[in-house]
Amino acid sequence: MAEIELKTAPSDFRFPTTNQSRHCFTRYIEYHKCLNAKGDGSVDCEKFARYYRSLCPGEWVDRWNEQRANGTFPGPL
Amino acid sequence: MFSALLMSTCDAYSRYFTDKSLNSQEIGRSQFQAQPFHLVTPSPWPLLTSFTLLILTSGTVIYFNGYANPFSSFGGGLTLVLIGFVTTASSITLWFRDVVTEGTFLGDHTFPVQKAYLHSSLAPTVEIGSQWPPAGIPVINAFELPLLNTILLLSSGATVTYAHHSLIQGNRRGTILGLIITIAFAVLFTACQGIEYSNAGFTIADGVYGSTFFFSTGFHGIHVLVGTIFILVGFFRILSYHVTDMHHLGFEASILYWHFVDVVWLFLFVLVYWWATLYRNSESATAAGLKYFLLGGLSSALILLGTALIYSNTGLTHFDSVQLGLVLIGAVLSIMMHQNHGKSDFKMEHHPHKKVLQNFTILFLFI
């Protein structure tokens with residue numbers, strides 16, 4: 001049986017504080033910017049998805065996905 | 001009796017400030033706070049000091065009037081005065097001790113913490129998309145009405161100074177004219193702000209952007225109205241001959257207040273209208289803003305240099321004195337030029353008025 005590798009997002013010097021909310025948000029935006037630039041399902045973007053999924057609370061991601069679907073997402077996409 | 005009261009109060013108070021039950025490290029009042037609010041603790045000193053002052057005053061009055069001390073003959077009638085003095089001095093000392101403790105050790109943050117607060121207050125939260133202005137806010141262009149308002153306020157600062165200097169020199173016409181222009185500028189400013197408010201694409205109640213915008217500019221606007229009224233009062237008092245060229249403190253205060261309003265506007269203009277609405281991601285917009293800033297700084301430096309040169313060579317700051325000085329210099333210069341006319345060894349650089357010519361050139365540049 002193969003070992004399952006567990007790891008979280010690497011520490012980022014842009015977000016040196018204990019509170020990582022902004023880190024999570026930035027990774028979410030980077031993921032969607034990446035998809036916009038390279039097309040849906042691009043392999044290069046998967047690492048950003050892994051990062052934001054490790055960092056962000058599930059409800060936040062659900063809310064942001066909903067907001068993007070409604071066109072009310074406040075971030076710079 | 002009073003010293004006993006004082007001692008017991010002190011005891012109770014020091015117990016209040018030092019919790020002896022935490023006996024391991026003698027943790028003082030300054031190291032912990034029982035609740036999250038910054039409250040001034042109940043203090044015995046105001047009441048106690050009023051009593052000690054009563055003793056001191058009445059004791060002194062009794063002594064001055066030569067009455068015998070009602071309590072004892074000790075100290076030649078000075079007993080009450082001495083008791084009053086000692087208790088007052090003690091109360092003041094202990095009161096100051098508490099104020100120092102409060103001011104130095106309670107509710108104050110270190111500079112790095114204050115800096116962190118400022119930093120996070122300037123960083124928009126994730127909830128509004130980590131960007132400012134928030135998405136969809138139709139911001140006001142800083143280089144339309146707000147720039148005009150900046151020019152209006154700065155000009156009104158100049159005209160009010162003109163009015164003040166005219167008043168000092170006894171020039172009634174100049175004072176009144178300067179004040180009328182100043183008040184006109186102030187009213188124009190308020191009108192422009194009104195136009196801007198009624199045309200704004202956001203309200204005070206529709207989100208954090210509008211709330212902060214109308215809060216800051218509205219507070220400034222109220223101060224502008226107060227300043228206008230303040231200057232108007234000075235104006236009508238000058239019209240009614242209430243003031244002299246030497247004695248017009250109210251008018252001077254209104255001028256100071258007006259400059260304060262002016263300075264606050266400069267900060268508002270830079271922060272609220274210009275910086276907060278910058279397209280942070282647009283390189284050309286940032287470059288243009290930086291150019292405005294640098295050119296503004298450079299021109300201010302040039303104006304300062306000109307002012308300094310005029311002052312260092314004439315020793316004068318009043319415009320009309322400077323003008324008179326320049327006329328005199330010009331007269332002296334023309335006489336010297338005339339005297340030297342036709343002489344073969346005449347060389348400009350050997351003559352002291354070369355510097356004067358240079359100054360004329362520099363002055364011309366600034367006119």
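## The surroundings of B:Ser156

In this predicted model, B:Ser156 is in contact with B:Thr182, B:Phe185 and B:Trp258, once its neighbours within four places in sequence are left aside. The residue belongs to helix H5 of chain B, which covers residues 145-168. Its relative accessible area is 0%, and B:Ser156 is therefore buried, since that term applies to values under 20%.

## Aromatic rings in chain B

Over all chains, the count of aromatic pairs comes to 24. One of them joins B:Phe213 and B:Tyr273 in an edge-to-face arrangement, with 5.5 Å from centre to centre and 85° between the planes. Because B:Phe213 lies in helix H7 (residues 208-239) of chain B and B:Tyr273 in helix H8 (residues 249-274) of chain B, this pair ties together parts that are 60 residues apart in sequence. Both B:Phe213 and B:Tyr273 are buried.

These two residues also belong to one aromatic cluster, whose other members are B:Trp132, B:Phe189, B:Tyr197, B:Phe202, B:Tyr209, B:Phe214 and B:Trp265.

## Salt bridges

A search of the whole structure finds 6 salt bridges over all chains. In chain A, the side chain of A:Asp12 meets that of A:Arg14, at 2.8 Å from N to O, and also that of A:Arg27, at 3.2 Å from N to O.

In chain B, B:Asp98 forms a salt bridge with B:Arg97, and their closest N and O atoms are 3.1 Å apart. Here B:Asp98 is buried, with a relative accessible area of 7%, while B:Arg97 is partly exposed at 40%. Back in chain A, salt bridges that share partners join A:Asp12, A:Arg14, A:Arg27 and A:Glu30 into one network.

## Where chain A meets chain B

The contact between the chains takes 7 residues from chain A and 10 residues from chain B. Together the two chains bury about 680 Å², with 57% of that area on carbon and sulfur atoms. On the side of chain A, the residues that lose the most area to chain B are A:Arg22, A:Phe25 and A:Pro74, which together account for 67% of what that side buries.

Across this interface there are 0 salt bridges, but 2 residue pairs are in polar contact. Helix H1 (residues 21-38) of chain A supplies the largest share of the side of chain A that touches chain B, namely 3 residues. By type, the residues on that side divide into 4 nonpolar, 2 polar and 1 charged.

How values were computed:
Residues are numbered from 1 along each chain as its sequence is written. Chains are lettered from A and ligands numbered from 1 in the order in which they are written. This is a predicted model: local features need pLDDT of at least 70, side-chain atom pairs count only at pLDDT 80 or more; totals for chains, interfaces and linings use all residues. Side-chain values use heavy atoms; hydrogens and water are left out. Helices (H or I, at least four residues) and strands (E, at least two) are DSSP runs, numbered from the N terminus. Buried means under 20% relative accessible area, exposed over 50%, partly exposed in between (1.4 Å probe, protein chains only). Contact means heavy atoms within 4.5 Å. Buried area is the accessible area (1.4 Å probe) that two parts lose on being put together, summed over both. A salt bridge is a side-chain nitrogen of Lys or Arg within 4 Å of a carboxyl oxygen of Asp or Glu. A polar contact is a pair of N or O atoms within 3.5 Å; within protein, one must be able to donate a hydrogen and the other to accept it, and residues adjacent in sequence count only if both atoms are side-chain atoms. Ala, Val, Leu, Ile, Met, Phe, Trp, Tyr, Cys and Pro count as nonpolar, Asp, Glu, Lys and Arg as charged, and the others, Gly among them, as polar. Rings of Phe, Tyr and Trp (its six-membered ring) pair if their centres lie within 6.5 Å; planes under 30 degrees apart count as stacked, over 60 as edge-to-face and the rest as tilted.
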